Amino acid sequence: MLTALLLVGCDESDNPVRPSMDIDMDTSALELPIGSSATRQATSSNKDAKFTYTSSVPSVATVDQKGKVTAVSIGQTTIKVVMTVPDSKETASLQYIVNVMPVKAADLKAIDIATPLTLSAIEAGSIAIEFKGGITLENDIHYTINGGEEQSISKNTVGTATIPVNKGDIVQLYSNNSSLASNTIMARGVTRAGDDGHQHINIKPSMKTEIFGNVMSLLKGKDNLESADKIEASNAFYGLFEGADKLVNSESRELMLPAKELKDGCYTNMFSGCSSLEAAPELPAPKTEDGCYSGMFSGCSNLTAVKILATDFKAEDMDGMLDGAGSETGTDLDVVINPEATDAWEEIKEEVLPEDASIKIAVTGVRLDKTAITLKVGESVKLIATVEPYNAGNTDVEWSTDDPTVAEVDYDGNACKVTAVAKGKTKIMVTTLDGTFVAVCEVTVETDIPSNPVSGDATIDDFGNGEW
């Protein structure tokens, strides 16, 4: 009997070679202080591999598609990278933890000034940017979500542009426009409720949203914000957040309005109706302009504090600025002023301030009783900080050491115990919480007993046998 043998050929396309899915990346925990960045990129032997980076809590730290992680606020998040290959359904992934650490008060202020206006979504929803009254801007408005690709809102938008967001998303906004409102708006005598018919931009989240960063990014772009301290057009921020009752202050970041040169009507109605805000951004301008603060915080019923540092101003520049402000807090509204303007405020407070407002004096500086000390390892010395002026409303301070391996600090209020740990040099700093003024003491630690341990009148013996 003959048996036929059938040979079947095998084409490579019937059994394709499985693509390599190896992925490699540093997955050790990463610690970053607020405002800092670090980049970790995944790699693979597969030249066709594509990587997608995500942060589980972008409100703590964002990550872009090049693996750059940027610390936003105190907390912990997980960075995950997923690898895909074209024409394959397989994926591979790695992840690592990011812990975002606090920074010193003075450093945080500088970070917030350099940060574009940021909206952090506590809940899912949308951010509406309404072009009221048919306004047309000079340039487009740009934004990013979680540090991703730049997106734009046309300067010719009719009606409202909407930015959908998920819980925890971080939206940063910036543009180059001299003003976000028409220059024909009257500086005073305007309606501070609802649509007043004027041409201006209005930003309003539909959900509870933290706000921080530098509002000047809407005029000066996202870069070099440290030098953006001048408003150049009338009504620049007129009604910008009017009616945004879902805006709240960030727990660890600050909203900055750092302009020191203003224009007429520049902040009119800016936060009118923002009933959930508890702290107003500091207003550092030494001189006000016609109606510049008119209605600025009217209807901010939960406001507890506002800081106005102008020394050259008129009551009409602040017409209705604080109407209804702080009415639901259950405590007095603190109005912090420049000590040089005390007499002027006494004359006009009834025209500008709510009845239950309490005037507080702003901090102007801080000094230490010692500016340099020399210690032997194991020895301690006491530093005393004096906040100026003597009648400042908020005398709270923060202590820190540049190098805790050389000298440690243990403090209570304005007194700090400095203990030498190891030979070397470091700086002990005290920072006021109001104004972030800084004073420094240079510390030298020696292994032998120093002949003159303290510069100044006090010595280590002031502790009384080493007791704190």
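**Entry 1: terms and model**

I take two strands as paired if DSSP finds at least two bridges between them. Helices (H or I, at least four residues) and strands (E, at least two) are DSSP runs, numbered from the N terminus. I am working on a predicted model, where local features need pLDDT of at least 70, side-chain atom pairs count only at pLDDT 80 or more, and totals for chains, interfaces and linings use all residues. Residues are numbered from 1 along each chain as its sequence is written, and side-chain values use heavy atoms, with hydrogens and water left out.

**Entry 2: the chain as a whole**

I looked up the secondary structure of the chain and found three helices and 28 strands. I call a residue buried under 20% relative accessible area, exposed over 50%, and partly exposed in between (1.4 Å probe, protein chains only). Buried residues make up 48% of the 468 residues. For contacts I use heavy atoms within 4.5 Å. Of the contacts in the chain with a separation of 6 or more, 73% are between residues 24 or more positions apart.

**Entry 3: strand pairs**

I started with strand 9, residues 125–132. It runs antiparallel to strand 12 (residues 159–165), and seven bridges join the two. I129 has A161 of strand 12 as its bridge partner. Strand 9 also runs antiparallel to strand 14 (residues 200–205), through six bridges. There K132 stands opposite H200.

T78 has I97 in strand 7 as its bridge partner.

**Entry 4: helix 3**

Which residues of helix 3 are buried? In this helix, residues 342–352, they are W345, I348 and V352. Seen down the helix axis, the buried residues fall within an arc of 100°, so they line one face of helix 3. The arc is that of the directions from the helix axis to the C-beta atoms. What covers them includes strand 18 (305–308), strand 19 (334–337) and strand 20 (358–361).

On the other side of helix 3 I found D343, E347 and E350 exposed. E350 has a relative accessible area of 75%. I also noted E350 and A315: 35 residues apart in sequence, 9.6 Å apart in space, C-alpha to C-alpha.

**Entry 5: nonpolar cores**

I define a nonpolar core as a set of buried Ala, Val, Leu, Ile, Met, Phe, Trp, Tyr and Cys residues joined through side-chain atoms within 4.5 Å. The largest has 72 residues. Those with the most contacts inside it are L173, F237, F241, Y267, F271, Y293 and F297. I followed Y293, leaving aside its neighbours within four places in sequence. Y293 is in contact with L262, Y267, L283, A285, T288, I308, D317, M318 and M321. A second, separate core has 24 residues, among them A38, A61, V69 and A92.

**Entry 6: salt bridges**

I count a salt bridge where a side-chain nitrogen of Lys or Arg lies within 4 Å of a carboxyl oxygen of Asp or Glu. The count comes to 13.

D317, a contact of Y293, forms a salt bridge with K314, the closest N and O atoms being 3.5 Å apart. D317 is buried at 0% relative accessible area, while K314 is partly exposed at 42%.

E388 forms a salt bridge with R367, the closest N and O atoms being 2.9 Å apart. E388 is in strand 23 (residues 380–388) and R367 in strand 21 (residues 365–368), so the pair ties together parts 21 residues apart in sequence. E388 is partly exposed at 31%, and R367 is partly exposed at 45%. Elsewhere, salt bridges that share partners join E282, K307 and D434 into one network.

I ended with D48 and K47, whose side chains meet in a salt bridge (3.7 Å, N to O). D48 is partly exposed at 38% relative accessibility; K47 is exposed at 76%.
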